[in-house]
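Dear colleague,

Here is the structure for your files. My notes on what was found follow below it.

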Amino acid sequence: MKFKTIYILFNAVILLSFGFIFLMPLLLLGSDYFALFVSKNWIAGALFLLTLIIINGYFLGNWKLFRLLESEDWRGLIHLLEQRVYQKGSCRRGAIKMLINAYVVTSSIEKISDLETHLREKKPALLRTFALQFGIPYLLNMKDDPKSAETYFGRAAERKDAPHRDWLRWSYASCLLLQRQFDAAKVTLLELHEDKLDPVLELLTLHGLSFFAGVDPQLAERVERERRSLAQRYTAEQWDKKIESNSKHIQIMLFNAIIRDAKSWLFDRSADGLGRREAGDSGSPSASPNDEEKTIN
């Protein structure tokens with residue numbers, strides 16, 4: 001259903017409902033009682049009309065925005081939002097989030113970095129709110145510049161009040177693994193695994209720890225025990241739903257191959273807990289500490 005049709009139906013239903021409730025005393029009890037009713041309830045009626053005017057003002061003020069969303073005109077949406085953010089100085093969270101999503105849809109990833117730079121100067125408080133989203137360029141460029149990614153996610157994960165902090169910490173651990181900083185990566189993953197995590201992130205964390213099982217017998221036993229326990233909690237179909245429900249996290253899209261690999265490892269009853277993969281199999285940012293010559297692309 002088109003936005004214009006929804007808008008008209010919304011107003012029609014609200015006005016008809018209000019008119020029926022407000023005029024019912026006149027129809028049932030006559031004009032004398034209606035006058036008394038109005039004198040005692042006119043404030044409620046005025047507040048209702050004021051609220052309706054505000055709602056309509058919001059929709060009319062954002063009419064072009066909603067039409068662009070309806071037609072999936074992402075380029076037009078980006079142009080409109082960039083005008084609001086860069087020219088008019090609007091830094092509303094909804095607009096920033098929508099603009100980042102539009103950049104992702106159109107693969108304009110470099111513009112996310114430009115937006116981060118702009119907000120760092122104009123509205124630095126929003127950098128914490130959108131730390132995960134502003135990490136997208138660092139994730140995509142992690143193989144070419146892993147140090148910058150490590151620095152970004154390390155700083156972002158330090159803030160305990162950061163939204164999606166667990167995902168930031170996992171991304172930081174992935175950067176460490178890519179640079180073969182195995183001791184630091186292991187500590188980060190162990191600390192992360194101690195927290196109560198979303199099932200998908202719990203799986204990814206446990207899978208990351210499996211790379212250290214070959215050189216740590218106690219960790220190998222723990223990883224295998226946790227793997228079996230996790231495999232019993234959900235079926236393969238339920239895992240697919242869990243992954244789909246987490247699709248709002250950009251990491252789910254960027255590391256879809258790693259997640260598929262981790263799911264296969266989870267349900268592999270013959271797994272020895274090593275979780276080792278051949279180079280180029282899944283696009284993982286991780287590297288195994290058991291084999292210095294192998295890298296996971």
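Does K147 count as buried, partly exposed or exposed? At 45% relative accessibility, K147 counts as partly exposed (buried is under 20% relative accessible area, exposed over 50%, partly exposed in between, with a 1.4 Å probe and protein chains only).

This is a predicted model, in which local features need pLDDT of at least 70 and side-chain atom pairs pLDDT 80 or more, while totals for chains, interfaces and linings use all residues. Residues are numbered from 1 along each chain as its sequence is written, and side-chain values use heavy atoms, without hydrogens and water.

The protein chain has 17 helices and zero strands (DSSP runs numbered from the N terminus: H or I of at least four residues for helices, E of at least two for strands). Of its 297 residues, 42% count as buried.

There are 14 salt bridges (a side-chain nitrogen of Lys or Arg within 4 Å of a carboxyl oxygen of Asp or Glu). Three of interest:

- K147 pairs with E150 at 3.4 Å, N to O. Both are in helix α10, three residues apart, or about one helical turn. E150 is buried, at 11% relative accessible area.
- R222 meets E194 at 2.8 Å, N to O. R222 lies in helix α14 and E194 in helix α12, so the pair ties together parts 28 residues apart in sequence. E194 is exposed at 57%, whereas R222 is partly exposed at 23%.
- R128 bridges to D161, with the closest N and O atoms 4.0 Å apart. R128, R159 and D161 are linked in a network of salt bridges.

Regards
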